[in-house]
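Student: I have a structure open and would like to go through it. Can we take it step by step?

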Amino acid sequence: TNLVEPSNADFPSGDPRMYQLDVTLRRGQNLAARDRGGTSDPYVKFKLGGKEVFRSKTIHKNLNPVWEEKACILIDNPREPLYIKVFDYDFGLQDDFIGSAFLDLTSLELNRQTDVTLSLKDSHYPDHDLGSILLSVLLTPREEQREVTMLMRKSWKRSSKVTFSMWYYGFFFFFKKNYDVLPNMPSRSGNLWHRVYSPSSCVLMTLFCVSSSQNHETFQTQSLRLSDLHRKSQLWRGIVSITLIEGRELKAMDANGLSDPYVKFRLGHQKYKSKIMPKTLNPQWREQFDFHLYEERGGIIDITVWDKDAGKRDDFIGRCQVDLSNLSKEHTHKLEMPLEEGEGCLVLLVTLTASAAVTISDLSLNSLEDQKEREEILKRYSLMAMFHNMKDVGFLQVKVIRAEALMAADVTGKDSFSKSDPFCVVELNNDRLLTHTVYKNLNPEWNKVFTFNIKDIHSVLEVTVYDEDRDRSADFLGKVAIPLLSIQNGEQKAYVLKNKQLTGPTKGVIYLEIDVIFNAVKASIRTLMPKEQKYIEEENRLSKQLLVRNFIRTKRCIMVLINAAYYISSCFDWDSPPRSLAAFLLFLFVVWNFELYMIPLALLLLLAWNYFLIISGKDNRQHDTV
């Protein structure tokens, strides 16, 4: 294998290194208008390998938006381009497509910041000018991969030199001595391999067989080290704990001179939303959020403040950003962040922890099967350590093995059978981890191990299966909820997937193996404290099933009113003289004797009539067992 240092547009196909792409989304120029007012509400998506890796904030009513947002993307195949799509946000409707572009990563020079202008295109309208997007990009090799690359180079160089030399000279002397022929003679000519070898040739053959075996074992050991390095690059580098203390002198957005503020946080794909503080310009939140860091250099947390308005779009109050690369680790920083594009400030406490207790790894590399790591975990949660770090109650390991007979969510005309692209989300309170996606498969195998630190032994582990859709939010396939106290350690079980409300089964089963280790004293003390609030913000999406159900209910109510109107009209038209006469007498009686107390009395008589039917055994109505 020839490993060459990549230069401009020269990335060898066998290069095992990973790269880091730092992208700064600067601004857009002359974007296409998609709204009636001649403007757009643009936002940008980055996709790599068909998966969304970044989504920008939405700039409202602007054809020349300025984002200045940063994204850090890991690249394992630089020959695969970065797909950039721009959309116009429409509240409650499907977002309009503005245009797209490709960024060829092989055209970038390593370790050099480059400004790129990409013209947006739409295959349906190739001649339209849709505007352009300006980016600043920096492509660098990953630090962890340098050791990997050097290891592979040394391994191949040493093994190829030694093995080639031994085999070449060994065969040369072997053939020369026994048959007086050179090594380039065809190996299958005549009955060459059926002759009797001399003792010296046997010793020589044994020597280069042993050398080949030793080189193979050396390379195998180095391959294990290589997989370890790859595994380490998958782990989280730390946790960012943010405590939202208060807001000061925020901008008034309501007619009463006040606001109903709440705060949104975003770091990459991780999103949180605070509670709403009604009618105040100096809100006191006292809420804590935990973000997971994947990069040693940190990142930028986008913070936006909004005013809640019932029945219409929320008002924007202001925004600020926290650059984590400027903060020292293992230290709590008190920050007073002034709001841009608004008034007032936010008071935050930010703490960076160097290592995380939540990890992802392959099935063959889990913690509890390593005897040393298992002993360390058991020691950490033994009774002797009951007063050390009271918030760390226990350790949870979840093996997501496979799923079977999932629901088919993708129906296309090209395939004879419907398929799904399933992936799995594992949640414990505010910690969320995802598996990779298995494409076009109703029986996926993930074989992933997830580890969490337990803060409350009464927590519930939630495992949800989704179908990945490239251009819209994922479709729900099924879910299971497992209380930690009901888990039997080391037992692989098949769990039937249920609906979102966990009230009934849906199609498919998922196979999990779960282990829980916890300190009983810490868990008991934690039980007396308030339950941890779940802050993770769920994506708002329009449910087609709910929309159809509400439409049917509305239609049914309207039909009842229409039928009642027809019935009353038939009484006035004397279609049935006995019925019209009875209605006329009833009308006279009610009008002559009506009092307001008769309305609740009529409801009470209906309740008494139903009670009489039940106790007499004449109630034949179908009861809802749920």
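Tutor: We will go over confidence, then a sheet, then the cysteines.

Student: What is the mean pLDDT of the protein?

Tutor: This is a predicted model, and its mean pLDDT is 77. Of its residues, 73% reach 70 or more.

Student: Where does the pLDDT stay under 50?

Tutor: Residues 144–235 are one such stretch, with 74 contacts beyond four places in sequence in the model. Residues 1–9 also have pLDDT below 50, and there the model has 21 contacts beyond near neighbours in sequence. Where pLDDT is low, the predicted coordinates should not be read in detail.

Student: Ok, the sheet. What order do the strands come in?

Tutor: The order is β4-β1-β8-β7, four strands in an open sheet with antiparallel pairing.

Student: Which strands stand at the edges, and why is one side of each left without a neighbour?

Tutor: Those are β4 (66–75) and β7 (114–119). From one strand to the next, the twist averages 25 degrees.

Student: How many bridges join β1 and β8?

Tutor: Residues 19–29 (β1) and 132–141 (β8) pair over 10 bridges, in the antiparallel sense. In β8, Ser136 stands opposite Thr24.

Student: Is Cys345 buried or exposed?

Tutor: Cys345 counts as buried, at 16% relative accessibility. Cys424 is buried too, with a relative accessible area of 0%.

Key
Residues are numbered from 1 along each chain as its sequence is written. This is a predicted model: local features need pLDDT of at least 70, side-chain atom pairs count only at pLDDT 80 or more; totals for chains, interfaces and linings use all residues. Side-chain values use heavy atoms; hydrogens and water are left out. pLDDT is the predictor's confidence in each residue, from 0 to 100. Contact means heavy atoms within 4.5 Å. Two strands pair if DSSP finds at least two bridges between them. Helices (H or I, at least four residues) and strands (E, at least two) are DSSP runs, numbered from the N terminus. Axes are lines fitted to C-alpha atoms, for helices over the stretch in contact, and angles run from 0 to 180 degrees between N-to-C directions. Buried means under 20% relative accessible area, exposed over 50%, partly exposed in between (1.4 Å probe, protein chains only).
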